[in-house]
Amino acid sequence: MTQTRAALRPTVLTALLAALLSVLLAPAPASAASLQEVTGFGSNPGALKMYRYVPDGLPAGRPVVVALHGCTQNAAGYASGTGWTTLADRWGFSVVLPQQQSGNNLSQCFNWFEPADIRRGQGEAASIAQMVDRQLADVSGDPSRVYVTGLSAGGGMTAVMMATYPEKFAAGGIVAGLPYGCAQAAGTAYVCMYVGATQTPAQWGDRVRAARPGYTGPWPALTLFQGTADYTVKPVNMTALVDQWTNVHGADRTADVGDTVAGYPHRVYRGPGGNAVVETYSLTGVGHGQPVDPGTGEAQCGAAGAYFLDVNLCAAYRLGKAWQLG
């Protein structure tokens with residue numbers, strides 16, 4: 001037995017060395033995609049920063065999602081906290097993440113209430129539109145499948161983009177946001193947020209139509225998420241958004257679908273053609289923030305944190321499904 005073991009020892013050592021060398025010399029795995037800043041994307045009249053997330057190996061012809069952070073947030077935190085980058089890897093689309101600068105707004109809020117930033121061809125709205133054009137060119141994205149979404153001030157700016165550049169967006173998703181033209185109607189952004197502006201559906205719709213004179217459609221569809229216990233952006237703003245965008249689409253204000261999703265009231269409003277034009281999630285007892293549902297389940301995404309609320313419903317996932325991203 002001693003002789004046999006001695007005879008085997010070189011063979012075993014050789015095998016071990018070969019295995020070790022194969023590990024050391026194996027090619028390194030491809031690096032995971034990461035958030036990248038993009039400069040020189042246009043004249044950038046709003047002086048915003050552009051970041052993007054492009055999954056490794058993303059083929060041409062894929063959708064683009066524009067995700068707008070809330071006040072005190074930034075592009076990187078919003079990208080990971082919402083779950084959008086995880087879904088981009090899973091379903092195959094790219095994400096554009098505009099970032100506000102403190103020189104424009106001390107709290108890093110997008111200026112959804114400033115006339116110079118909410119008109120077509122001007123300010124922050126024009127900067128975001130330029131980011132969309134740059135992204136579509138760089139990744140050969142599908143221009144018919146561009147979507148925009150945001151939280152709070154980012155939600156307010158989402159409404160701005162849908163109104164001022166409706167031809168660029170197939171749909172939008174507003175989380176705790178405000179209707180387009182609200183500050184003008186209310187006299188101040190704070191009245192919009194804490195009280196709401198009194199306008200008829202037609203008046204709300206007229207504000208959108210005036211943002212893109214002569215445009216006859218198609219208009220982006222809209223999905224809304226609003227906490228009923230939100231004391232920063234009052235729930236009356238979701239009612240105003242429903243009034244505004246059902247009017248723009250020529251739909252009535254009677255929901256065609258009324259059910260619950262994850263225990264929360266969910267409504268769908270259909271346009272004259274029978275397609276869903278406005279969809280709402282009323283988050284009972286939820287405060288101000290982005291709904292997330294951390295975990296590894298199919299419908300789970302996002303990470304809990306400041307203004308990222310674990311409410312067992314991930315807004316990014318629900319939007320992605322509504323937009324048929326995956």
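Mentor: Begin with strand 8 and strand 9 (residues 264-270): 5 bridges join them, and they run antiparallel. This is a predicted model, where local features need pLDDT of at least 70, side-chain atom pairs count only at pLDDT 80 or more, and totals for chains, interfaces and linings use all residues. Residues are numbered from 1 along each chain as its sequence is written, and side-chain values use heavy atoms, with hydrogens and water left out.

Trainee: What makes strand 8 and strand 9 a pair?

Mentor: Two strands pair if DSSP finds at least two bridges between them. Strand 8 and strand 9 have 5, so they pair under that rule. Asp259 stands opposite His266 in strand 9. The two strands form a hairpin with 2 residues between them. In the turn, Ala262 has a positive phi of about 55°.

Trainee: How many bridges join strand 3 to strand 4, and which way do the strands run?

Mentor: Strand 3 (residues 64-68) and strand 4 (residues 94-99) share 3 bridges and run parallel. Val66 has Val96 in strand 4 as its bridge partner.

Trainee: Why is strand 8 said to stand at an edge?

Mentor: Take the sheet order: 1-2-4-3-5-6-7-10-9-8, an open sheet of 10 strands with mixed pairing. Strand 1 (36-38) and strand 8 (257-261) each have a single partner strand, so one side of each lacks a neighbour in the sheet. From one strand to the next, the twist averages 20°.

Trainee: What counts as a helix or a strand here?

Mentor: DSSP runs, numbered from the N terminus: helices are H or I with at least four residues, strands are E with at least two. The protein has 10 helices and 12 strands. Tyr194 is in helix 7 (residues 189-194).

Trainee: Why is Tyr194 called partly exposed?

Mentor: Buried means under 20% relative accessible area, exposed over 50%, partly exposed in between (1.4 Å probe, protein chains only). Tyr194 has 39% relative accessibility, so it counts as partly exposed.

Trainee: What share of the residues counts as buried?

Mentor: Of 326 residues in the protein, 52%.

Trainee: How much of the contact count comes from residues 24 or more positions apart?

Mentor: They supply 66% of the protein's contacts (heavy atoms within 4.5 Å) with a separation of 6 or more.

Conventions:
Axes are lines fitted to C-alpha atoms, for helices over the stretch in contact, and angles run from 0 to 180 degrees between N-to-C directions.
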